[in-house]
Amino acid sequence: MTAPRRFDDVVAGDVLPPLTVPLRRRDLVRYAGASGDFNVIHWNERAARAVGLPDVIAHGMLTMAVAGRIVTDWAGDPAAVVEYGTKFPKPVVVPDDEIGAVVEVTAVVSALDTATRTARVSITATSAGDKVLGKAQAKVRLA
Amino acid sequence: MGINSALAGQVFPPSPVYEVGREKIAEFATAIGSADPAHTDPDAARALGHPDVVAPPTFTVIVAQRAEAQVFDDPAAGVDFSRLVHGEERFTHHRPVVAGDRLISTLHVETAREVGGNGILTTRVEIATEDGEQVATVRSTVVIRGEDQ
């Protein structure tokens, strides 16, 4: 395992290693079970279409969680994330095939606070050309 | 109808205790694709200074959504769950969540209003230990899409 990232080794503008995350129907079903969110629009195409969605969509919370890995992998301690927030401008549409949807995640250190040894990380997540997270930011307390 | 605006300002009774288990943290970590050993290996977590395996940053959504369900399950709220779309979510961690924590959550409805035929509901769930230590605050905004949206 990697040592926790040190505040003194980080500068504003640092780019985090990018992440490509496939989301297939089985990933949605697994997340539904783990989280307890069984909303039908995340696993039943018929129900999703009945409420006007193009197909089954991923839980916004799953997209948020997988995108958050870009920060926890970089920080070296998942508990370093003291704040994490996002909007959900567009859903991740997940077709019923072996490829599913692909979420591309990038992130950059947008600010540092020396007093609290925290970094603000701005996260971008896209799927099929759409921004699926909006104004996603994490505040990370570094070693 | 999207949402009953009379919900605004309502505070629900504290939840029963949710005990955070090692296996649940491991299950959640797997579901979000995180292979970080701090989620599964107590020694790896202790090496980072934590008393036991630590939860991923969005783990508390499990207890937060259980608390929020009190609104969605209430017929008087007028919410059609299948028309619900997540608008915004924010976690503030006052301290890490670790296996063995016994958590109690309290749901506060901050706003409930109709905008352009949609219902918009913002909630805040305060999560604390049963001894009253503040652990996390989870803020959520959901949109209940109107019939013609």
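This is a predicted model: local features need pLDDT of at least 70, side-chain atom pairs count only at pLDDT 80 or more; totals for chains, interfaces and linings use all residues.
Figure 1. Among the contacts in chain B between residues at least 6 apart in sequence, 70% join residues at least 24 apart. The chain holds 3 helices and 5 strands, and from the N terminus on these elements follow the order β-α-α-α-β-β-β-β. Taken along the principal axes, the C-alpha atoms of chain B fill a box of roughly 55 × 30 × 20 Å, and of the 149 residues of this chain, 57% count as buried.

Figure 2. When its neighbours within four places in sequence are left aside, B:N4 is in contact with B:A76, B:A77 and B:A112. For B:A76, the backbone oxygen lies 3.0 Å from a polar atom of the side chain of B:N4. The view also takes in B:G119, which is 115 residues apart from B:N4 in sequence, although the two are 8.3 Å apart in space, C-alpha to C-alpha.

**Figure 3. Helix α1 (residues 22-31) of chain B and what covers its buried residues.** Within this helix, the residues B:I25, B:A26, B:F28, B:A29 and B:A31 are buried. In an α-helix there are 3.6 residues a turn, so residues three or four places apart point the same way. The cover over the buried residues of α1(B) includes α3 (61-72) of chain B together with α1 and α3 of chain A. Just after α1(B) comes B:G33, which takes a positive phi of about 75°.

**Figure 4. The interface between chain A and chain B.** Here 32 residues of chain A are in contact with 36 residues of chain B. The size of an interface is often given as the accessible area lost when the parts come together; for chain A and chain B the area buried between them is about 3000 Å², with 60% of it on carbon and sulfur atoms. Across this interface there are 11 residue pairs in polar contact, both residues at pLDDT 80 or more. On the side of chain A that touches chain B, the elements that give two or more residues are α1 (25-35), α3 (60-75) and β2 (81-87) of chain A. The residues of that side of chain A divide into 19 nonpolar, 7 polar and 6 charged.

**Figure 5. Strand pairing and a salt bridge between the two chains.** Strand β2(A) is joined by 5 bridges to strand β2 (residues 84-93) of chain B, and the two strands run antiparallel. Within this pairing, A:G85 stands opposite B:R90 in β2(B). The side chain of B:R90 also meets the side chain of A:E83 in a salt bridge, with a distance of 3.2 Å from N to O. Across the interface of chain A and chain B, the count of salt bridges is 2.

**Figure 6. Strand β1 (residues 19-23) of chain A and its partner strand.** In a regular strand the side chains alternate between the two faces of the sheet.

Terms used
Residues are numbered from 1 along each chain as its sequence is written. Chains are lettered from A and ligands numbered from 1 in the order in which they are written. Side-chain values use heavy atoms; hydrogens and water are left out. Contact means heavy atoms within 4.5 Å. Buried area is the accessible area (1.4 Å probe) that two parts lose on being put together, summed over both. A salt bridge is a side-chain nitrogen of Lys or Arg within 4 Å of a carboxyl oxygen of Asp or Glu. A polar contact is a pair of N or O atoms within 3.5 Å; within protein, one must be able to donate a hydrogen and the other to accept it, and residues adjacent in sequence count only if both atoms are side-chain atoms. Helices (H or I, at least four residues) and strands (E, at least two) are DSSP runs, numbered from the N terminus. Ala, Val, Leu, Ile, Met, Phe, Trp, Tyr, Cys and Pro count as nonpolar, Asp, Glu, Lys and Arg as charged, and the others, Gly among them, as polar. Two strands pair if DSSP finds at least two bridges between them. Buried means under 20% relative accessible area, exposed over 50%, partly exposed in between (1.4 Å probe, protein chains only).
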